[in-house]
Amino acid sequence: MKTEEFLRQVTALPGVTGNERKAAEFIAEAFRPYVDEVEITPLNCVIAHKKGNGPKVLICAHLDEIGMMVSKIEKDGCLRLQSVGGVDPRVLPGMRVRVFAREGELMGVVGATPPHLLKDADRKNNYTFETLFVDMGMPAEEVEKRVSVGDTVCFEARYVELKNGRVATKTADDRACVAIMLRTAELMQKMQHSADLYFVSTCQEEIGSYGALVSGFSIAPDYGVAFDVTHADTPGAPKNSTHKIDSLVAAKGPFIHPYLEKKLEEAAHENGVSLQTAIDPRATYTDADELSLSRAGVPTVLLSLPLKYMHTNVETFDMHALTEGARMLAHYLAAVDESWEDELWI
């Protein structure tokens, strides 16, 4: 499957944290042509194993997405919501959403009291989940038959091709990085490697990286590579917190093993791939943290894909950064061998 078509389909699937099964099944099928075996774990992680005789390397990117759940059904049939993961209620007014009810998917729109009907003091306040609701255009008795408190609510699926290879979609965080892993697995079909490779699409990252924790424990890798997104340059955003959108970012910090990060830089330089640097002086708040602390510890590196408008339904990234990142990762993984162990602990 072409990377663009994979992205178009996988970002449209529901996969709010804790309810990732549909996305997991699609991702598992996408990996099957490029690896030796694929499994979906009880928590909905996808583990795609490309066998080798050398060190075990776990490469991960999370498949879960932020979303919402129904917290109350009002007397007029409108739904109240609460966040699952980091949904900012300020981005919701006017958005179309999908409600995954017991009898299937329902469309709704997010509304709020019009500013014309608000008191002057209330107009100055930002939206909160308490001031927003979902209207599905159905009478209350029908809503109560079809919708339950706790049902999952997702952003509307959209995939927009912008100019210059830019794409805007929901769930680029982090399924665009799952696409990097998939493209890497495809490239490695034509490359020699000794490393025993595990491409893991992790669950439950948005609430604590629990999929990375349990996957690291079960696989017990020698090395880890975690993928996530970071903030791209955006008007008004602080420059020290953003990066150019056109290439991946390698992290440096206490959760990042310096020798493995050096090998990343070498792979990028030797293959003409641009690689930026980020400083994470404490936790990275990604799968890298939990993976590196799994079992007795896993030496880990973190690569991030810059995107704009994080945690919205128009997360925007550069396809060139994605495909070049996959090419660099393939060469990095092909270079892993037993000699790395001698250098790792010097």
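In which helix is the place of Asp 174? I looked it up in this predicted model and found Asp 174 in helix α5, residues 172-187.

**Entry 1**

I checked the peptide bond from Asp 173 to Asp 174 and found it cis. Its omega is near 15 degrees. I noted for reference that most peptide bonds are trans.

**Entry 2: Thr 171**

I moved to Thr 171, which sits in the loop between β11 (166-169) and α5. Thr 171 is not a glycine, yet its phi is positive, about 65 degrees. Most residues other than glycine have a negative phi.

**Entry 3: Glu 315**

I looked for what the side chain of Glu 315 reaches. Glu 315 belongs to strand β17, residues 315-318. A polar atom of the Glu 315 side chain lies 3.5 Å from the backbone nitrogen of Thr 171. The side chain of Glu 315 also reaches the backbone nitrogen of Asp 173, at 2.9 Å.

I looked for a salt bridge and found none, although Glu 315 is buried. The nearest side chain of opposite charge is that of Lys 170, 8.5 Å away.

**Entry 4: His 257**

I found His 257 in the loop between β14 (248-252) and α7 (258-270). His 257 counts as buried because its relative accessibility is 15%. A polar atom of the His 257 side chain lies 3.2 Å from the backbone nitrogen of Tyr 259.

**Entry 5: Tyr 285**

I noted a positive phi at Tyr 285 as well, near 60 degrees. Tyr 285 lies in the loop between β15 (275-279) and α8 (287-292). Tyr 285 counts as exposed because its relative accessibility is 69%.

**Entry 6: a surface patch**

Which residues make the nonpolar surface patch of about 390 Å²? I found Leu 43, Ile 207, Tyr 210, Leu 213 and Val 214. I looked up Tyr 210 in particular and placed it in helix α6, residues 210-219. Tyr 210 counts as partly exposed because its relative accessibility is 39%.

Conventions:
Residues are numbered from 1 along each chain as its sequence is written. This is a predicted model: local features need pLDDT of at least 70, side-chain atom pairs count only at pLDDT 80 or more; totals for chains, interfaces and linings use all residues. Side-chain values use heavy atoms; hydrogens and water are left out. Helices (H or I, at least four residues) and strands (E, at least two) are DSSP runs, numbered from the N terminus. Buried means under 20% relative accessible area, exposed over 50%, partly exposed in between (1.4 Å probe, protein chains only). Lys and Arg count as positive and Asp and Glu as negative; His and the chain ends are not counted. A salt bridge is a side-chain nitrogen of Lys or Arg within 4 Å of a carboxyl oxygen of Asp or Glu. A polar contact is a pair of N or O atoms within 3.5 Å; within protein, one must be able to donate a hydrogen and the other to accept it, and residues adjacent in sequence count only if both atoms are side-chain atoms. Patches are made of residues with over 30% relative accessible area and no salt bridge: like charges are joined within 9 Å, nonpolar side chains (Val, Leu, Ile, Met, Phe, Trp, Tyr) within 5 Å. Accessible areas come from the Shrake-Rupley method with a 1.4 Å probe; for residues, only the protein chains shown count as cover.
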